Amino acid sequence: MSPTPRRRIASLAVPLALGFAAVAQAAVGVGVALPDATFKDLAGNAVRTADLRGKPTIIAFWATWCTSCKAELEHLKTVRAAHGEAQLRILAVSVDEEREDLDDYLASHTYPFPVYHDPARAAAARFADDEDLPLTVVADAQGIVKYVARDFAEGAAGRLDAAVAAVLP
């Protein structure tokens, strides 16, 4: 006996609902492991979140058109000056769609940490289920998320600094 149309629809609803639940759970939260994601630097070299274990890490998703993102990147320069590469890893992940926009911006702005490009937001989607920027994640040396910020407004620099201090050895 073949299933009725109603049963066929019901049998499709469960996998669809599970798929939507997986998407809704894509947002990273404090206390969970960094999601599995791959970032590509401007030369096309890849780094996976699993490769980041062993050293506290800041991952800052940003775009050239995002004013608060650029303010955060400027603050990350001071974080880098206070904590060298041996102590803390910083990844600045641009989600600009056009590489030319990113290259034009970087021609007049330099950073003491690597810049990655995620134009399709494939990596960013593993961290957030929306496109709001900035998105900043601080993880400890074991890859456990200890801080997540979705803005860089008043007081954000102090909160970020405190989160960094908390994950340093």
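1. The largest cavity is lined by Phe 61, Arg 121, Ala 124, Ala 128, Asp 130, Glu 131, Asp 132, Leu 133 and Leu 135. This is a predicted model. The cavity's volume is about 50 Å³. With the cut-off set at 30 Å³ or more, the count is one cavity.

2. Five of its residues are nonpolar and four are charged. No polar residues take part. Arg 121, Asp 130, Glu 131 and Asp 132 are in the lining, and they count as charged.

3. Next, the nonpolar core. The largest one holds 47 residues. Which of them touch the most other members? They are Phe 39, Phe 61, Leu 76 and Phe 127. Strand 3, residues 57-62, gives the most to this core, with five residues. Nonpolar side chains tend to be buried together in soluble globular proteins. Phe 61 belongs to this core and also lines the largest cavity.

4. Strand 1 covers residues 38-41 and strand 2 residues 46-48. The two run antiparallel and are joined by three bridges. Phe 39, one of the core residues named above, stands opposite Val 47 in strand 2. Four residues lie between the strands of this hairpin.

Terms used:
Residues are numbered from 1 along each chain as its sequence is written. This is a predicted model: local features need pLDDT of at least 70, side-chain atom pairs count only at pLDDT 80 or more; totals for chains, interfaces and linings use all residues. Side-chain values use heavy atoms; hydrogens and water are left out. On a 1 Å grid over the protein atoms alone, a cavity is a set of points where a 1.4 Å probe fits but cannot get out, and a pocket is an open set with protein on both sides within 12 Å along at least five of seven lines; lining residues have an atom within 4 Å of a point. Grid points are joined across faces, edges and corners, and a volume is the space filled by probe spheres set on the points. Two strands pair if DSSP finds at least two bridges between them. A nonpolar core is a set of buried Ala, Val, Leu, Ile, Met, Phe, Trp, Tyr and Cys residues joined through side-chain atoms within 4.5 Å. Buried means under 20% relative accessible area, exposed over 50%, partly exposed in between (1.4 Å probe, protein chains only).
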